[in-house]
Amino acid sequence: MIQFYLLAVAYLVFSALLILVDSYRRRLSFMLKAKARIREDMKRLNLYFVAGIAISLLLLFLPIPPGPIVAGDLLPALYILFIAFLLRILYSERNRERSDAFLAGKKSRMKKIGFITLAVALIHFLFPSIVLL
């Protein structure tokens, strides 16, 4: 269904911006408040995590036509699931100093993950009917 397709693209772009806000703080300053709210409030983090799982499952079972019923949007669905778990693990850390130290050491890797997320969102947006089998 087209609604889940657009929701998946929005989830991927928003997640990529959440990941890239540490590297591009000046350019993505509009995302600082959103990141702080998700990171500080466990209810919002849990809601974001559950939304990622739900979007991933909906993409798998209700793909964009002409995709097959089960494996229609496999790559975006799996990547949304990966990003949901990644953000859940990174932002659920109670010790902020330890979490910030971990992220500081992995800044280049997180930047790559952010750009890969944007690439998956762009490919999924531009070519919605591509079937990966």
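Helices α1 (2-20) and α6 (107-126) each supply at least two residues of a nonpolar surface patch; helices here are DSSP runs of H or I with at least four residues, numbered from the N terminus. The model is predicted, so local features need pLDDT of at least 70 and side-chain atom pairs pLDDT 80 or more, whereas totals for chains, interfaces and linings use all residues. Residues are numbered from 1 along each chain as its sequence is written, and side-chain values use heavy atoms, without hydrogens and water.

The patch consists of Ile2, Leu6, Leu122, Ile123, Phe125, Leu126 and Phe127, with about 700 Å² of accessible area together (Shrake-Rupley method, 1.4 Å probe, only the protein chains shown counting as cover). Its members have over 30% relative accessible area and no salt bridge, and nonpolar side chains are joined within 5 Å; a salt bridge places a side-chain nitrogen of Lys or Arg within 4 Å of a carboxyl oxygen of Asp or Glu. Helix α6 gives the most, with 4 residues.

In helix α2 (residues 32-40), Lys35, Ile38 and Arg39 are buried, meaning under 20% relative accessible area, against over 50% for exposed and in between for partly exposed (1.4 Å probe, protein chains only). These buried residues fall within an arc of 95° seen down the axis, so they line one face of α2; the arc is that of the directions from the helix axis to the C-beta atoms. On the other side, Lys33 and Glu40 are exposed.

The charged end of Arg88 sits over the ring of Phe49, 5.6 Å from its centre (CZ of Arg or NZ of Lys within 6 Å of the ring centre and within 35 degrees of the ring normal).

Note on methods
Patches are made of residues with over 30% relative accessible area and no salt bridge: like charges are joined within 9 Å, nonpolar side chains (Val, Leu, Ile, Met, Phe, Trp, Tyr) within 5 Å.
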